[in-house]
Amino acid sequence: MPAPRKKRTAFAAIGTSVPNVDAVDKVTGRAKYGADHDRKGQLYGRVKYSEHPHALILSIDVSRAVNLSGVRAVLTHADIPGENSFGTAVPHQVVLCSEKVRYLGDVVAIVAADSEEIAAKAVESITVKYKILPVVSDPVEALSPRSPAVHAGGNLCVHQKVRKGDVGTGFSQSEVVLEREYATQKVEHAYMEPEAVLAEPGENGGITVTGSVQNLYSIRRGLARVLALPLGRVRVRQATLGGSFGGKDEAMTALCCRAALLALKTGRPVKMVNTRENSMRESYKRHPYRMKYKVGADRRGFLKAMEITIHADAGAYAAMSPFVTWRSTVQATGPYVVPNVRTDVYAAYTNNCYTSAMRGFGSPQVCFGSESLMDELAEKLGMDPLEVRLKNTLRGRSTTATGQKLNHTVSVGEALLNVTKKGRFLKTRASNRKHNERSHPKKGVGISCSYRGVSLGAEGVDAAGVTVSLQTDGSVVASSGLVDMGQGAATTISLMVAEELGVTVDRIRFLGADTSRLPDSGPTVASRTSFMAGQAARRACKEIVERIRPVASEVLGCPVDSLLFRNNWVSHSTERTRRGPGSRKAGRGRAGRKRLRLGELASLCFARGVSLFAHGWYRAPATSWDERTGQGDAYFTFVYGANLAEVEVDTETGTVRVTRFVSSHDVGRVLNLNGARGQVYGGVAMGLGYALFEEYAEQDGRPSLENFDEYLLPTVSDVPETEIVFIENPDRLGPYGAKSLGEPACEIAAPAIANAVCDALGMRVRELPLTLERVRLGRGLSRKEKRGSAGP
Amino acid sequence: MKLVDVRFHAPRGLEEALALLEGLKDARVMAGGTDLLVDIKQGLREVRDIVSLHRIAELKGIEDEGDRLRIGALVTVRELASNAAVAKHIPALADAARSMASEQIRSIATIGGNISSAVPSADLPPPLIAADAGVELESSRSARRMSLLEFFTGPRETVCLATELLRSVVIPLPPPNTGISYFRFTLREASALAVASVACRITLKSGVVDRATVVLGAVAPTPILANKASRSLLGKNPSAELFREAASHAKEEAKPISDIRGCVWHRKELVHVLTQRALAEALERALGKAEVAE
Ligand SMILES: Cc1cc2nc3c(=O)[nH]c(=O)nc-3n(C[C@H](O)[C@H](O)[C@H](O)COP(=O)(O)OP(=O)(O)OC[C@H]3O[C@@H](n4cnc5c(N)ncnc54)[C@H](O)[C@@H]3O)c2cc1C
């Protein structure tokens, strides 16, 4: 097996470990988040929420609100200049409801006032009359012809499918067939910063919004559509983001549109900041899935067929559901060679809070399904979980469920061996068995693995741009259409710029994104930023270097191909490679100089009229997809990973403690070790919450909780130390060979923990989260939840 | 939320505070504010005047008075968790304090606030009741004292009048061969409220249980005594069997409700488990085996 860490002498910046470039600003309070932006004379916006999950609007009376002193505008659907809806896949998400409300986070009217208190009073004084409709709350029942319709076209949001081979034949060749049902819950992103925006009317009749936005360009499209403005007059600027995890897209489009409507109406800046309660009520969540898996294998444990049917709850609007479920469809089998596959994923509209992108994007659910299934299959075959996985994992030249031949290094087996070696999987398993016979608490160990398509794949246009501007003192300003939302993109992109231009990271200033200054680079999602923006940044840098090299070669009197750019200096490398290891003893040039500060070179170039600015554009390699057969080269490349968890289960109370965690991911190339580790630590913590605590519970379209006192996130005391083994199989396509990590790091933590818990219990729990009752009883207890009646 | 319309008073002494409370109608007392401000934000309380206690020296400090500890109402949870006298005499109270909330909250939350807010899941009352603690109330006209058990009348309800302050908590030092313990169950490790909690006290005399108290928290409108469970221990030789029997009584005596943190079934199961664990630890402490923390 290749060594997990390869020598990296070829790079100056790549692969080092640097703190995030914005870390000091963040911890000293200098960073300006969405809510930190204020303007003189600004008004405060508030929304009037729907009072029912499903109802027809009979009348909206705003007269009392309008007459309150300090109220500057009260708007309803009648005041919208453009379309009253937006949406990337289906443009039906309503900004201000006119005929119907579809969930409790729908908004009927908006108010701008001199203060938050007045705005709040005004909202309370708005009266809306409704005709209540029956609530659609179950995604499976929603698809029955008898179900009331949430949208005019019926409740089917999307049906995605994969067809490979013939599952009938596959099952008939199988000696073992298992049918199992798994379910995952709805969860909230729980970013630290609730949504915030400041909308300012522009001098040109346009609008500028500054706020906590993740995907600037989709939000700008929504704004232009709703305000009936050309894209060129809508400017979206990103404030420092206090976390997003996929969550600040449609929820922010809605908020931005409402603030912008109020700003244009009043001619004044309007600020809108969600409370946590509003954010929990209105902002979209991760889809809950109900999954039926049928798997067939021969006696030796080789998979023959898988048939998978999944129902996803899309909630009130489509949002990203078609794309999220598409990824689930592609990855539903897990990272295994399965000759015959039939997968159907249905997303259904209901009157629950809508669901859309969240870290993993349709993978955490199917990872839980397929990885639970593999453990159950192993047990049925009398094998251990590692053996059955290793037999079936994808390898180089394997064909995926969608018929894609993998022509890169496939390392899922390597990742599995890494974590099981480090965690001494089989030994621990055996010794736990002995321990559990007589001792308490019970111990368990579990593993999981996955493959994941990098970037958007065949689900969308995949290209991104970065601008780089070398200054005459050798410092650099860079900005990217893909944004930093706390994941460290600013740092990673800066590192790549540093590598290409031979500058140190402290000389680079990375600017927040701005739609009017950067090209539409698509959304910052799908773990695509390091890859896509990285390649774009490299192109921009290369272009600048090409332009300034002739000048350097003239000054230093050496051939262009022997110039070395490093540490803010340009020198004549004695070795004739530009990328040779840092050579100090550069030869003396004709002009008597042996080296030159990059700043001097930039000044010289500037004086000669050489452009020091470049825009790099990178388009992803081709992918393909046949809707009819559900076959194609879904993604241009894939990443692989495996996790191992050890747990202790107090079977008397149901408490689960995760005592050890090992995570191994093939990232192609580690760009910033510090950042890469951060992604894994955070991903594991998030996956742990998904496994054990978090659930955005709803009953008949009404949430059972509204804040973090009841929506339990793990704290530092619940999260074990994570041991990390990075695998670096450089990818042919990625920048320096890098692929992606943000989502893979999160998607398989929960199944590893669940498998460990089931190992400890000697009993399978097929539903997340593994609440105490499920751990003790194997099922949840139904109960009427009363908010805070036993405690505060 | 903004407290724009609220008047904030910060009296410099007990007398001034009590006079203020006498004069103002509907004033709310604030100690650490960790409960009060949440209540105000959630709209559970309308507030016009806040009387903050933070400057009142008379309410601070832990006094070892020889046969009892006197704990001022303003003593923070953090102080309880790290005080030597508390650790020596009532380690269960230090355990409870340490288990609460988070470092930040513990540093400002007070014992007076924890008791006065009378939330059923509060952590300090069960071990205090197990230790026979009493409370001292004072108004500008009178002073009274009572057992802590009598102080609570319902969820978020106490005998404390709007003109009164909880001044101090008084705990008699436990007699020899006495062990007190506190166990609680939460949905995650830190910063979580008890789903169920049990405090136990055992005093041994020549090897048999001479006195026993089982207090249950978060499973009734107020902390309650599990009388049957306590009585079932008296005069018996402590054993796992005996504790299991007592735990079964406690489970019967618990009157929990279902809410988002747990259902009736689970809470009762928890009482059963926690009572056994708490009794075992109380016994260990009574036998003097347990090392006193810090
Ligand atoms: C994040 C978080 C986690 C928490 N975790 C826990 C936990 O694990 N366990 C737990 O038990 N509690 C917990 N709490 C609740 C709270 O912190 C405690 O109950 C705390 O001890 C209250 O003390 P305080 O000084 O902040 O009270 P305050 O909020 O100041 O007051 C609480 C109430 O008591 C009244 N009051 C205060 N002092 C007096 C006095 N001397 N005389 C008369 N009335 C008075 C006030 O008027 C108010 O009604 C938590 C709270 C938060 C915000």
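## Contact between chain B and chain A

In this predicted model, 28 residues of chain B touch 35 residues of chain A. About 2,800 Å² is buried between the two chains, and carbon and sulfur atoms account for 58% of that area. On the chain B side, the residues that lose the most area to chain A are B:Arg188, B:Ile260 and B:Trp265; together they make up 25% of what that side buries.

Five salt bridges are counted between chain B and chain A. One salt bridge joins the side chains of A:Asp650 and B:Arg277, with an N to O distance of 2.7 Å. Helix H12 of chain B, residues 264-286, gives the most to the side that touches chain A, supplying seven residues. By residue class, the chain B side that touches chain A consists of 13 nonpolar, five polar and ten charged residues.

## Overall form of the chains

Chain A contains 20 helices and 30 strands. Its radius of gyration is 27 Å, close to the 28 Å that the globule rule gives for 792 residues, so chain A is as compact as a globular protein of that length. Taken along the principal axes, the C-alpha atoms of chain A fill a box of roughly 85 × 75 × 50 Å.

Chain B has twelve helices and 14 strands. For its 294 residues, a compact globule would have a radius of gyration near 19 Å, and the value for chain B, 19 Å, agrees with this. The C-alpha trace of chain B spans about 60 × 45 × 30 Å along its principal axes.

## Two domains of chain A

The domain assignment of chain A gives two domains, each written as two segments: domain 1 covers 23-31 + 463-619, and domain 2 covers 397-459 + 632-792. Their contact takes 20 residues from domain 1 of chain A and 20 residues from domain 2 of chain A. The C-alpha centres of these two domains are 38 Å apart.

On the side of domain 1 of chain A that touches domain 2, helix H14 (489-501) and helix H15 (529-556) each supply at least two residues. The residues of that side divide into eight nonpolar, seven polar and five charged.

## Salt bridges

Over all chains, the count comes to 63 salt bridges. Side chains of opposite charge can pair when their charged atoms come close. A pair of this kind within chain A is A:Lys285 with A:Glu188, whose closest N and O atoms are 3.2 Å apart. This pair links distant parts of the chain, the two residues being 97 residues apart. A:Lys285 lies in the loop between helix H8 (276-282) and strand S15 (289-297) of chain A, and A:Glu188 in the loop between strand S10 (176-183) and strand S11 (196-201) of chain A.

## Backbone features in loops of chain A

Most residues other than glycine have a negative phi, and most peptide bonds are trans. A:Ala190 is a residue other than glycine with a positive phi, near 60°. A:Ala190 sits in the loop between S10 and S11 of chain A, and A:Glu188 of the salt bridge with A:Lys285 is likewise placed in the loop between S10 and S11.

Which form does the peptide bond from A:His440 to A:Pro441 take, cis or trans? That bond is cis, with omega near -5°, and A:Pro441 lies in the loop between helix H13 (425-438) and strand S18 (442-453) of chain A. The peptide bond from A:Leu768 to A:Pro769 is cis, with omega near -5°. A:Pro769 is located in the loop between helix H19 (749-761) and helix H20 (772-777) of chain A.

Technical notes:
Residues are numbered from 1 along each chain as its sequence is written. Chains are lettered from A and ligands numbered from 1 in the order in which they are written. This is a predicted model: local features need pLDDT of at least 70, side-chain atom pairs count only at pLDDT 80 or more; totals for chains, interfaces and linings use all residues. Side-chain values use heavy atoms; hydrogens and water are left out. Domain bounds come from an automatic or database domain assignment. Contact means heavy atoms within 4.5 Å. Helices (H or I, at least four residues) and strands (E, at least two) are DSSP runs, numbered from the N terminus. Ala, Val, Leu, Ile, Met, Phe, Trp, Tyr, Cys and Pro count as nonpolar, Asp, Glu, Lys and Arg as charged, and the others, Gly among them, as polar. The radius of gyration is taken over C-alpha atoms; the globule rule is 2.2 Å times the number of residues to the power 0.38. Buried area is the accessible area (1.4 Å probe) that two parts lose on being put together, summed over both. A salt bridge is a side-chain nitrogen of Lys or Arg within 4 Å of a carboxyl oxygen of Asp or Glu.
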